[in-house]
Amino acid sequence: MTPKVSIIIPFYNCPYIEQALNSALTQSWLPYEIIVVDDGSYMHAERIVPYMSRIHYLGKSNGGTASALNHGIRHATGDYVAWLSSDDMFYFDKLRNQVSFMEEHRLMISYTNFNFINSASQVTEMNASAVFSNHLDYLRCFLQGNPINGCTVMFKREIFGAIGLFDESLPYTHDYDLWFRAILNGYPPVMLNQSLTAYRRHEGMGTIKHFDTIMAEVAVTQARYHAALRAMIAAMGG
């Protein structure tokens with residue numbers, strides 16, 4: 001049976017939403033469903049109107065990216081779930097290549113490399129993800145920072161029953177927190193080293209506007225899991 005993929009797009013006042021939607025709708029492996037979760041937007045929602053017949057549009061009060069993702073996951077019916085930010089884009093073979101990779105290796109979570117693009121959708125850096133030569137180096141990296149771009153990740157939908165959903169109390173590190181929980185429960189995200197997502201850096205993005213707040217939240221998240229991950233690494237001989 002052909003695996004079905006649900007794409008979840010959290011949306012909040014984003015002027016790039018059409019580009020995200022077009023990239024989802026023109027995949028070489030067509031998604032089973034595209035779920036746009038409007039997280040209480042007051043701007044740019046009219047840009048979604050022409051796509052309404054081809055997507056599932058869910059509205060909710062503003063609660064942040066984690067709450068929007070969780071809302072979409074609860075409504076998703078595909079075998080796999082892919083997260084696409086409304087200001088980013090998937091490349092043509094994103095779903096095909098990543099599903100094939102996960103099916104071949106029987107993975108619960110995978111992520112990929114990516115390219116940086118600017119506000120004009122021009123590539124500014126190719127293959128921007130960290131690449132690790134061994135599993136211990138990969139695990140050690142999580143003690144210092146988050147090596148995974150969330151918008152490159154694909155999940156087997158059933159994984160959320162094992163590790164839980166995103167932590168809605170974390171505005172900025174909900175993804176980092178989830179990777180820790182996945183690793184500690186025996187489901188480390190595995191990398192497909194292909195750049196299959198265009199990740200947009202622009203002045204309006206939260207990682208630029210809220211940098212100091214994000215760094216404080218990163219430190220709290222690291223402290224929560226530091227001892228457990230250190231123990232796992234030591235047990236593996238690291």
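Is D177 buried or exposed, and what is its relative accessible area? D177 is buried, at a relative accessible area of 2%; buried means under 20%, exposed over 50% and partly exposed in between, with a 1.4 Å probe and protein chains only.

## Basis of the model

This is a predicted model, in which local features need pLDDT of at least 70, side-chain atom pairs count only at pLDDT 80 or more, and totals for chains, interfaces and linings use all residues. Residues are numbered from 1 along each chain as its sequence is written, and side-chain values use heavy atoms, leaving out hydrogens and water.

The structure holds eight salt bridges (a side-chain nitrogen of Lys or Arg within 4 Å of a carboxyl oxygen of Asp or Glu). One of them joins D177 to R224, with the closest N and O atoms 3.5 Å apart. D177 lies in helix α6 (residues 174–184) and R224 in helix α8 (residues 211–235), so the pair ties together parts that are 47 residues apart in sequence. Helices (H or I, at least four residues) and strands (E, at least two) are DSSP runs, numbered from the N terminus.

R224 is partly exposed, at 42% relative accessibility. A network of salt bridges links D177, R181 and R224.

Because D39 is in strand β2 (residues 33–39) and K60 in strand β3 (residues 56–60), the pair ties together parts 21 residues apart in sequence. D39 is buried at 4% relative accessibility, whereas K60 is partly exposed at 23%.
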